[in-house]
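Here are my notes on the model you sent. Please read them with the structure open.

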Amino acid sequence: MSPKTVFKKIIDREIPAEIVYEDQECLAFKDINPQAPIHVIVIPKKEIPNLEELREEDEALIGHLFIAMQRIAQQMGISTGYRVVLNNGPDAGQEVMHMHFHLLAGRKFDWPPG
Ligand code: AMP
């Protein structure tokens, strides 16, 4: 069995994190190395390494994650503007192989992204 990712360890409460939202299917916590004044990582509790490993059975889960991000944005008072990022695979800079969204806010963001 492959070793637990850092995000699975957070789900299992083996390492600490500043959790901002949790429900049956997902968890959201502050990024340890924030790239904006607000930088939250949103993950499914189900271990899916990345988008390439997503299956049809995960369709509802992905919708659930987006509704959760809407709630988190409202809860954090950033509903007027935030960016959602998913780095998929090494060429896109994915470091943690547990699919996750970055929810970023609190500053202006450039487009196109770097
Ligand atoms: P990615 O490059 O898309 O895989 O993003 C991984 C993110 O996880 C980075 O922004 C890291 O700063 C963040 N990260 C790594 N370890 C932790 C941790 N223990 N707690 C919170 N965020 C973390």
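1. Salt bridges first. This is a predicted model, and the count of salt bridges in it comes to 9. Side chains of opposite charge can pair when their charged atoms come close.

2. Start with Lys4 and Glu14. They form a salt bridge, with the closest N and O atoms 2.5 Å apart. The pair links distant parts of the chain, 10 residues apart. Lys4 lies in the segment before helix 1 (6-11), and Glu14 in the loop between helix 1 and strand 1. Lys4 counts as partly exposed because its relative accessibility is 36%. Glu14 is also partly exposed, at 46%. Look around this pair as well: Lys4, Lys8, Asp12 and Glu14 are linked in a network of salt bridges.

3. Next, Glu18 and Lys30. Their closest N and O atoms are 3.1 Å apart, in a salt bridge. Glu18 sits in the loop between helix 1 and strand 1, whereas Lys30 belongs to strand 2; the two are 12 residues apart. Lys30 has a relative accessible area of 38%, so it is partly exposed.

4. Arg55 and Glu53 also meet through their side chains, in a salt bridge of 3.5 Å, N to O. Arg55 is partly exposed at 45% relative accessibility. Glu53 is partly exposed too, at 38%.

5. In what order do its 5 strands run? The order is 1-2-3-5-4, the pairing is antiparallel, and the sheet is open. Strand 1 (19-22) and strand 4 (83-85) are the edges, each pairing on one side only. On average, neighbouring strands are turned by 20° against each other, direction ignored.

6. Strand 4 pairs with strand 5 (residues 101-105) in the antiparallel sense, over 3 bridges. Within strand 5, His102 is the bridge partner of Val85. Helix 2 (residues 59-76) packs on the sheet and touches strands 1, 2, 3, 4 and 5. Its direction makes about 155° with that of strand 3 (38-44).

7. The largest nonpolar core has 20 residues. Val20, Tyr21, Ala28, Val40, Val42, Leu65 and Ile72 touch the most other members. Strand 1, strand 2, strand 3, helix 2 and strand 5 each give two or more residues to this core. Helix 2 supplies the largest share, 7 residues.

8. Check Val40 in particular. Leaving out residues up to four places away in sequence, its contacts include Val20, Ala28, Met76, Phe101 and Leu103. A second, separate core holds 8 residues, among them Phe29, Ile41, Ile43 and Val96.

Definitions and conventions
Residues numbered from 1 in each chain as written. Predicted model: local features only at pLDDT ≥ 70, side-chain atom pairs only at ≥ 80, totals over all residues. Heavy atoms only, no water. Pairing = 2+ DSSP bridges. Helix = DSSP H or I, 4+ residues; strand = E, 2+ residues; numbered from the N terminus. Axes fitted to C-alpha atoms, helices over the stretch in contact; angles between N-to-C directions. Contact = heavy atoms within 4.5 Å. Core = buried A, V, L, I, M, F, W, Y, C linked by side-chain atoms within 4.5 Å. Buried < 20%, exposed > 50% of the residue type's maximum accessible area, 1.4 Å probe, protein only. Salt bridge = Lys/Arg side-chain N within 4 Å of Asp/Glu carboxyl O.
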